[in-house]
Amino acid sequence: MPEEKKSDATPKSSGSVSRRSFLKDAGIAVGAPALASIPGIPGQAAAAEPAAGPPPAEPPVCTTIQVEAQKTVELTVNGGKYRLAVEPHWSLRQLLRDTIGLTSPKDWCGGLGACGSCTVIVNGRPVLSCLTLACECGGAAVETAEGIAKSGHPIIQAYIDNNAFQCGYCTPGFVCTAKALLDRNGDPTEADARDALGGNLCRCASYQQHPPAVLQAARELKKA
Amino acid sequence: MKTIRRFNHVDAHTVEEAASILRGGGASALSGGTDLLGTLRFEVLPEYPETVVNLKTIPGLDFIKEDAAGLRIGATTRLEDIARSETVRARYGALAEAAHRSASPHIREMGTLAGNICQLTRCWYFRLPDNRFHCIRKGGTQCFAVSGDNRYHSIFGAIRSCFAVNPSDTAPALVALGARIQTDRRLIDAGEFWDMAVPGSTVLAPDEIVTEIQIPRPDAGSKSAFLKFAIRKSIDFPIVNCAVAAHGGSARICLNAVYNKPWRATAAEESIRGKAITEESADAAGAAAVETARALPGDRNTWKIQIARTLVKRALLACA
């Protein structure tokens with residue numbers, strides 16, 4: 001049984017087995033003999049040896065990589081104007097957190113687009129900043145939870161009054177989504193609120209408190 | 001958390017410019033980004049593009065228009081705009097509902113219709129980071145799901161040995177509504193648009209650009225419906241979905257997430273032809289729809305057969 005190394009960053013010297021190569025080989029070894037016994041599947045049963053994956057990578061040699069210069073992007077964030085140099089592969093979340101210093105957009109699902117904790121508002125739309133490229137935000141108006149709080153929007157007090165958070169990690173994402181809903185629909189029903197917040201996950205299970213908070217904020221906005 | 005690896009980014013300003021960049025090789029087309037950027041961050045595919053070409057900067061591809069001939073939706077139109085459109089909801093209900101049930105509200109604000117119909121499969125062997133399973137869809141020689149955990153995989157067999165399913169919600173609605181996809185070089189019937197490709201899900205050439213989707217105006221009295229089965233009400237991809245468009249004594253019925261491409265349930269359509277849609281006739285059509293369905297080795301996806309049968313029945317009844 002090959003010895004499993006704990007770290008994936010094992011040197012590919014002869015005799016050492018990385019976790020990556022172990023799993024690749026294990027997957028192939030399981031696949032071929034099992035398939036050989038299944039009738040009627042064309043092109044599978046004839047495999048006499050395990051199918052080869054892509055050839056193992058050669059160690060990289062020093063290469064000149066053609067990269068374009070950084071792009072310059074002008075955008076507005078929470079009402080303030082910014083002119084920033086951005087790398088083409090940066091996400092908007094990276095730009096907000098690391099360049100501008102607004103740390104409310106979070107990273108929970110690792111960039112799968114599956115949690116909503118990175119939600120910010122771009123040109124009125126609640127979007128996932130982890131899947132938005134910073135270099136595509138030229139001319140955009142971006143709102144984050146910091147800006148929403150600073151503006152005195154009633155959604156913040158409504159979240160507090162209705163205990164719609166526990167650890168607070170998901171809260172900025174929820175706040176942005178809720179604010180975007182209220183901008184578009186000043187009289188949401190509870191079903192509208194649930195629907196709109198369906199892309200925001202909460203590990204502390206605060207879910208039931210969110211629709212009342214949104215409806216309270218809607219009532220406050222109507223008063224103003 | 002894994003940072004996305006570097007790429008160059010070009011804003012295309014015409015369709016020809018975008019096609020030319022794709023023709024050059026080493027480039028990927030970027031629309032809403034909710035599929036592509038995930039594949040790049042997790043290095044799902046064996047090759048990483050040097051350049052990403054942004055299609056959203058091409059003017060004139062973001063629109064919803066209706067005329068006497070029917071509905072035209074531009075390729076880069078957001079799913080949420082389609083879901084909210086009064087025009088689409090009034091006369092092309094299956095598509096509005098399918099767009100509304102896609103993904104999550106945020107992904108619908110970013111994702112485009114063309115991107116949704118071109119998206120890659122969600123098979124978890126295919127999607128494991130770092131191309132851990134170099135399967136048939138990546139240029140390899142085998143399917144790992146057919147002998148592995150295939151609980152979400154095809155109930156109607158494979159296309160060229162790939163047992164993964166197509167995950168789009170809008171696709172079956174477009175098939176049921178008789179849509180056509182306009183690219184920069186041809187007009188393709190929805191029924192011919194999807195296929196097993198490496199790694200893609202369509203018949204598009206690597207440099208071919210979708211420009212709009214056309215749906216013929218339905219006859220007066222037509223009805224359409226879309227149903228989706230998933231564990232959660234939001235975010236989840238479909239386990240099975242079904243779209244029906246019915247008029248008079250005939251219906252077009254399309255299932256998805258049950259096969260490598262959207263599955264036109266022709267046996268169910270035959271079963272219901274000329275009949276009023278009732279509990280009995282819809283039930284019979286549901287049974288006909290899955291008559292040729294088979295669980296994969298291991299019997300882990302038998303459950304999908306019952307769900308497909310029930311969705312066909314309920315979608316038909318919604319059009320009664």
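A:Ile160 sits in helix α4 of chain A, residues 154–161. Helices here are DSSP runs of H or I with at least four residues, strands are runs of E with at least two, and both are numbered from the N terminus. The model is a predicted one, where local features need pLDDT of at least 70, side-chain atom pairs count only at pLDDT 80 or more, and totals for chains, interfaces and linings use all residues. Residues are numbered from 1 along each chain as its sequence is written, and chains are lettered from A and ligands numbered from 1 in the order in which they are written.

Is A:Ile160 buried or exposed? A:Ile160 counts as exposed, because it has 11 C-beta neighbours inside 10 Å. The cut-offs are these: buried means 20 or more other C-beta atoms within 10 Å of the residue's own, exposed means 12 or fewer, and partly exposed is in between, with C-beta atoms placed from the backbone. A:Ala213 is 53 residues away from A:Ile160 along the chain, and their C-alpha atoms are 8.3 Å apart.

Now chain B. Its secondary structure comes to 12 helices and 12 strands. The chain has 320 residues, and a compact globule of that length would have a radius of gyration near 20 Å; chain B has 19 Å, so the two agree. That radius is taken over C-alpha atoms, and the globule rule is 2.2 Å times the number of residues to the power 0.38. The C-alpha trace spans about 55 × 50 × 35 Å along its principal axes. Of the 320 residues, 57% count as buried.

Next, the core. The largest nonpolar core has 157 residues, and those touching the most other members include B:Ala94, B:Leu95 and B:Ala315. Such a core is a set of buried Ala, Val, Leu, Ile, Met, Phe, Trp, Tyr and Cys residues joined through C-beta atoms within 7 Å. Its largest share, seven residues, comes from helix α5 of chain A, residues 171–184. Beyond its neighbours within four places in sequence, B:Ala315 is in contact (C-beta atoms, placed from the backbone, within 7 Å) with B:Ala225, B:Leu227, B:Cys242, B:Ala243 and B:Val244.

Last, a sheet. Three strands of chain B make an open, parallel sheet in the order β1-β3-β2; strands pair if DSSP finds at least two bridges between them. In chain B, β1 (8–11) and β2 (27–30) are at the edges with a single partner strand each, so one side of each has no neighbour in the sheet. β2(B) pairs with β3, residues 51–54 of chain B, over four bridges. There, B:Ser28 stands opposite B:Val52 of β3(B).

How values were computed:
Two residues are in contact if their C-beta atoms, placed from the backbone, lie within 7 Å.
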